[in-house]
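The following exercises concern one protein structure. Please study the sequence and the model before reading each solution.

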Amino acid sequence: MATADHGEGCEEEVYEVVDLTEYARRHQWWSRVFGSNSGPIAEKYSVATQIAMGGVTGWCAGYLFQRVGKIAATAVGGGFLLLQIANHSGYVQVDWKKVEKDVNKAKKHLKKKANKAAPEINTFIEEATDFIKRNIVLSSGFVGGFFLGLAS
């Protein structure tokens, strides 16, 4: 706690320092969504309700994933095609050796960053796996809905 005094007659202000990283580690996102002692969803809703909730949210996620994926693939493929046409026509000169060198340098940089982030990622994966195991019916509905969303 810190206090500040601005001279005579001013009230004293009290400040509290909050470490957000510690707060985030202690309060997982699903605790904020489902309550502090959420436990398995199976204790709160019927199996049919869990499958329906999981299926609907999975379908929405799959449908959006499919649409965004098509747009991203079209943009990347179209950009590469335009670059090849411009290169072939003589508008653009591409130094492919330099591109390969830069890509390899970026791969090494990403590998280093991934190794440093591994403990946080492993913790997240363990928490997600635990959540899925505790709510297997909801998770099954989500996976089924996701695949239906991808297919539609």
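**Exercise 1.** Where does Tyr91 lie? State also whether Tyr91 is buried or exposed.

*Solution.* The model is predicted, local features need pLDDT of at least 70, side-chain atom pairs count only at pLDDT 80 or more, and totals for chains, interfaces and linings use all residues. Residues are numbered from 1 along each chain as its sequence is written, and side-chain values use heavy atoms, with hydrogens and water left out.

Step 1. Tyr91 is found in the loop between H3 and H4. Helices are DSSP runs of H or I with at least four residues, strands are runs of E with at least two, and both are numbered from the N terminus.

Step 2. Tyr91 counts as exposed because its relative accessibility is 74%. Buried means under 20% relative accessible area, exposed over 50%, and partly exposed in between (1.4 Å probe, protein chains only).

**Exercise 2.** Which helix gives the most to the nonpolar patch?

*Solution.* Step 1. The surface patch consists of Phe80, Leu83, Tyr91, Val92, Trp96, Val99 and Val103.

Step 2. At least two of the patch residues come from each of helix H3 (47-89) and helix H4 (96-134).

Step 3. H4 gives the most, with 3 residues.

**Exercise 3.** How many helices and strands are there in the protein, and in what order do the elements run?

*Solution.* Step 1. The protein has 5 helices and 2 strands.

Step 2. Read from the N terminus, the order is β-β-α-α-α-α-α.

Step 3. Of the 152 residues in the protein, 13% are buried.

Key. Patches are made of residues with over 30% relative accessible area and no salt bridge: like charges are joined within 9 Å, nonpolar side chains (Val, Leu, Ile, Met, Phe, Trp, Tyr) within 5 Å. Accessible areas come from the Shrake-Rupley method with a 1.4 Å probe; for residues, only the protein chains shown count as cover. A salt bridge is a side-chain nitrogen of Lys or Arg within 4 Å of a carboxyl oxygen of Asp or Glu.
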